[in-house]
Amino acid sequence: MPDYYTYGELTHHQKVQLAIRNVLAIDPSIRPLNTNKKPGGLLEFPEDDNREVIIVGDLHANKQNLKAILMDSQNLYKLKQNKAIMIFLGDSVHDERVGHLQEMDTSIEIMDIIIHLINDYPDNVFYLLGNHDTFSELLGKSGIKQGLAYHNAVQETRGKDYVNLMQTFYNSLPVFVIHKHFLAVHAGPVRGGIYRDELIDIRGAESGPLLRQLTWNRLNETRSSPSKKEYGPDDLDRQRAALGCSKEHPFIVGHNPMWKWGTDDSVWVDILDSKNHVILYSNLVDKSTYLTFNNSLEYKIRHADLKQKKQKYLLGDM
Ligand SMILES: [Mn+2]
């Protein structure tokens, strides 16, 4: 990497290398080191951190929504001024719309934008690992192996080394957020809850099943005894209690859209008897939904304007 450069001069490889370095260099007071002295799975923002928080749900390759959120309410400017942080709940790749499951170019493009954001604002932009953030051939939908298709597309466009760098990037990501005003994770709590140290050590030798639960669990919809892969309102409360949080502490997740229960939006508040629980998706074509916390336990559900014209000028080549 040259000493002096403009971002556009870097190669794609250098950009993702820089992002890995930035993610691993998050201040250990916010990202505590695990038992192997490596950056752990937990982001824990200090009590005196009063910056606004912008939370983006699963984008599933919808870069228009991401750009609209950056432009909405001066959000990009607030990141620049260190007045806000942005937390992605994971699963930014893989267009999930019927008829688009095979398209992977948009996944590559949206990760380029997120990597750019992390590199421009490493103290303000945080990306949590989602279950789609992988090249695993085990990941699929409707018979299409999305992980493998993404792997092949990235390899074809950027080469094998770049695939390895992206895998390193995904392996470097934090998984869970503790903030004085909310908790956040991609999918949901571990059944029964786990402790702070376990969240920090989430990539430890014995932690695979816990990491899997945090990135795959779904809210139990049958209201019968939940399976190991499903959480219920009790699990949300136990997870809060294990972290010393009250039952009022909002618990924000993505992963598990609930359109079959109704709504033309992509946010579900306290659904199925859950309390102080939000499921957020940000991938709709006609709505760009996101959340903000402004120094209280009360969040705002926001919709970014999808018709604004200033994007090109302010976002440049993002
Ligand atoms: Mn997911």
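This is a predicted model: local features need pLDDT of at least 70, side-chain atom pairs count only at pLDDT 80 or more; totals for chains, interfaces and linings use all residues.
Local features need pLDDT of at least 70 and side-chain atom pairs count only at pLDDT 80 or more, whereas totals for chains, interfaces and linings use all residues. Residues are numbered from 1 along each chain as its sequence is written. Helices (H or I, at least four residues) and strands (E, at least two) are DSSP runs, numbered from the N terminus.

Six strands form an open sheet with mixed pairing. Their order is β1-β5-β6-β9-β11-β10. Strands pair if DSSP finds at least two bridges between them. From one strand to the next, the twist averages 15 degrees. β1 runs parallel to β5 (residues 176-179), and three bridges join the two. Leu42 has Phe176 of β5 as its bridge partner.

The largest nonpolar core has 78 residues. Such a core is a set of buried Ala, Val, Leu, Ile, Met, Phe, Trp, Tyr and Cys residues joined through C-beta atoms within 7 Å. A residue is buried if 20 or more other C-beta atoms lie within 10 Å of its own, exposed if 12 or fewer, and partly exposed in between, with C-beta atoms placed from the backbone. Ile55, Val56, Ile87, Leu128, Ala184 and Ile252 have the most contacts inside the core. Helix α4 (residues 105-120) supplies the largest share, six residues. In soluble globular proteins, nonpolar side chains tend to be buried together.

Contacts are assigned when the C-beta atoms of two residues, placed from the backbone, lie within 7 Å. Leaving aside neighbours within four places in sequence, Ile55 contacts Ile87, Leu89, Ala184, Ile252, Leu280, Tyr290 and Leu291. Helix α8 (residues 208-216) has Leu210, Gln213, Leu214 and Thr215 as its buried residues. These pack against β5, β6 (182-185) and α7 (196-200).

Axes are lines fitted to C-alpha atoms, for helices over the stretch in contact, and angles run from 0 to 180 degrees between N-to-C directions. Against helix α6 (residues 160-171), the angle is about 15 degrees and the axes are 9 Å apart. α1 and α6 are therefore roughly parallel; angles under 35 degrees count as roughly parallel, over 145 as roughly antiparallel, 65 to 115 as roughly perpendicular and the rest as oblique. His12, His13, Val16, Gln17, Ala19 and Ile20 of α1 make the contact with Asp161, Tyr162, Leu165, Met166, Thr168 and Phe169 of α6. The crossing of α1 and α6 is left-handed, a term for a near helix turned anticlockwise from the far one by less than a right angle, with right-handed used if clockwise.

α1 and α4 pack at about 50 degrees, with axes 9 Å apart. The pair is therefore oblique. The crossing of α1 and α4 is left-handed. Lys15, Val16, Leu18, Ala19, Asn22 and Val23 in α1 meet Ile115, Ile118 and Asn119 in α4.

Not counting residues up to four places away in sequence, His12 touches Arg158 and Tyr162. His12 and Gly262 are 250 residues apart in sequence and 41 Å apart in space, C-alpha to C-alpha. Tyr195 lies in the loop between β6 and α7. Tyr195 counts as exposed because it has 12 C-beta neighbours inside 10 Å. The C-alpha atoms of Tyr195 and Ser288 are separated by 34 Å, with the two residues 93 apart along the chain.
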